[in-house]
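My entries follow the structure.

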Amino acid sequence: MEIFLIRVLQFMLAISILVLLHEGGHFFFARLFGVRVEKFYLFFDPWFHIFEFKPKKSDTTYGLGWLPLGGYCKISGMIDESFDTEQMAQPEQPWEFRSKPAWQRLLIMIGGVLVNFLLALFIYSMILFHWGDSYIPVKNMTYGMKFNTEAKALGFQDGDVLIGTEKGEFKDFSADLYRSLSSAKRVDILRGGRPMSLALPGDLNLLDMMKNQPPFVRPLHPANVTEVLPKSEAERIGIRKGDKIIAVDKQKIGSFNEFMEEIDKRSDMLAVAATHKDSMQARQITVSWLRAGGDTLTKAATLTADLKLGISVFTNEGLYKPVTIEYGFLESFPAGAKYGVHVLASYVDDMKYVFTADGAKSLGGFGAIGSLFPPTWDWYMFWKMTAFLSIILAFMNILPIPALDGGHVLFLAYEMITRRKPSEGFMIKAEYLGFGILILLMVVANMNDILRWLGYM
């Protein structure tokens with residue numbers, strides 16, 4: 001429960017910051033050009049609100065809604081999600097959005113997207129300035145990688161050390177490594193200390209590479225025990241720090257990755273268990289390990305209900321020394337901008353998978369987004385996730401869908417080119433259509449979250 005609350009708090013804080021500043025971008029340009037803003041709200045307020053206030057001599061009512069799906073800035077004389085057709089039926093006023101030149105209306109509409117994009121670049125810059133860029137170079141991962149059957153069919157072998165592709169050297173183990181492999185024609189590796197290259201098709205499906213279980217590639221972790229949890233099953237059967245797991249149910253293993261694969265098979269058995277006896281049987285395993293002194297021991301063990309034995313091994317951070325690049329205050333801005341543009345370009349490139357059946361299933365709603373935040377409060381990860389969400393918010397809002405900023409920009413571009421405004425009737429119908437599309441996407445994304453939680457996806 002504590003982990004859930006921490007993630008919810010991080011998610012709510014990040015969304016609140018992004019929505020306030022996004023709507024603030026619209027507000028700034030509206031007031032700059034003398035357009036009246038009637039309402040400025042964090043979160044939506046159908047039927048009622050948590051609070052609102054209106055400063056003296058101000059035309060704007062500020063408030064907090066109860067539905068945390070976004071926020072809004074109600075601008076006078078504009079067809080938006082408020083569908084205020086009564087106001088639009090009145091004579092045009094000089095302080096209204098519709099009375100302003102097209103270029104001013106365009107700036108008002110892109111204000112939110114502009115603020116979100118610049119905010120992301122600023123956050124990335126400050127992350128680099130405060131924490132630097134710390135990572136483990138892939139070529140330094142001397143234990144190599146663990147590959148699935150699809151990767152091995154292309155010539156990879158467990159323990160291969162990845163160096164790079166024809167496009168350049170790999171930096172760290174991240175989604176960028178997968179992207180490089182998916183489009184590469186050649187990959188350079190070290191095998192047994194010898195450099196060699198493998199040919200790749202150049203059109204691997206990135207989504208399949210990452211979502212398959214086990215995935216296409218992940219770092220190989222030795223099965224050397226670094227910690228035994230007190231009062232755990234591992235302690236009961238006599239496993240000690242420094243021992244090495246060598247087999248599970250007489251199946252030899254050469255890494256902790258393989259150990260986890262064998263344990264994961266028990267998940268399927270638990271899923272179909274009809275009785276308590278079936279569940280207990282699924283949790284029974286036989287473990288063999290090599291003692292630091294050279295003896296081999298084999299004992300039966302009962303995993304916990306969540307299939308844990310009670311041991312830990314070194315992960316990347318324990319096995320390898322990270323490299324840290326530090327940035328001065330002025331140096332951080334171009335570096336942060338370069339990083340932010342790269343994140344945006346990668347996200348846009350990955351969007352092509354959304355229009356596939358598997359891509360639609362991979363869509364996530366609020367639950368999926370919230371789960372991206374760490375289970376403990378970590379300011380580094382919080383700001384990194386906030387910057388990433390700001391990039392997403394900027395990109396999604398500029399899509400040419402009616403009801404989004406990009407839809408309004410599209411119609412303004414049409415007006416500026418043809419010098420004719422779309423009719424108000426058309427704009428209202430387009431707004432309804434766009435709003436319907438957004439609701440449908442939101443339902444699909446959040447339904448995916450529910451189905452994943454229930455185990456159907």
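Is Phe382 buried or exposed? I am working on a predicted model. Phe382 has a relative accessible area of 0%. The cut-off for buried is under 20%, so Phe382 is buried.

**Rings.** I searched the whole structure and got 29 aromatic pairs. I picked out Trp131 and Tyr380: centres 5.4 Å apart, planes at 75 degrees. Edge-to-face needs over 60 degrees, so this pair qualifies. Trp131 sits in helix α3 and Tyr380 in helix α14, 249 residues apart. Trp131 is partly exposed at 35% relative accessible area, and Tyr380 is partly exposed at 24%.

Next I took Trp377 and Phe382. They are stacked, with 5.9 Å centre to centre and 25 degrees between the planes. Trp377 is partly exposed at 36%, whereas Phe382 is buried. I also find both in a cluster linked by ring pairs, together with Phe11, Phe373, Trp379 and Trp383.

**Charges over rings.** I checked two. The charged end of Arg36 is over the Trp95 ring, 4.1 Å from its centre. Lys171 lies over the face of Tyr135, 4.7 Å from the ring centre.

I noted about 430 Å³ for the volume of the second largest pocket. It has 19 lining residues; Pro214, Arg218, Asn257, Glu261 and Asp264 are the closest to its centre. Helix α8 gives the most to this lining, 7 residues. By class I read 5 nonpolar, 5 polar and 9 charged.

**Ser332.** I found Ser332 in helix α11. Ser332 is buried, at 0% relative accessible area. Beyond its sequence neighbours within four places, Ser332 contacts Ser125, Met126, Leu128, Phe129 and Tyr327.

Technical notes
Residues are numbered from 1 along each chain as its sequence is written. This is a predicted model: local features need pLDDT of at least 70, side-chain atom pairs count only at pLDDT 80 or more; totals for chains, interfaces and linings use all residues. Side-chain values use heavy atoms; hydrogens and water are left out. On a 1 Å grid over the protein atoms alone, a cavity is a set of points where a 1.4 Å probe fits but cannot get out, and a pocket is an open set with protein on both sides within 12 Å along at least five of seven lines; lining residues have an atom within 4 Å of a point. Grid points are joined across faces, edges and corners, and a volume is the space filled by probe spheres set on the points. Helices (H or I, at least four residues) and strands (E, at least two) are DSSP runs, numbered from the N terminus. Ala, Val, Leu, Ile, Met, Phe, Trp, Tyr, Cys and Pro count as nonpolar, Asp, Glu, Lys and Arg as charged, and the others, Gly among them, as polar. Buried means under 20% relative accessible area, exposed over 50%, partly exposed in between (1.4 Å probe, protein chains only). Contact means heavy atoms within 4.5 Å. Rings of Phe, Tyr and Trp (its six-membered ring) pair if their centres lie within 6.5 Å; planes under 30 degrees apart count as stacked, over 60 as edge-to-face and the rest as tilted. A charge sits over a ring if NZ of Lys or CZ of Arg is within 6 Å of the ring centre and within 35 degrees of the ring normal.
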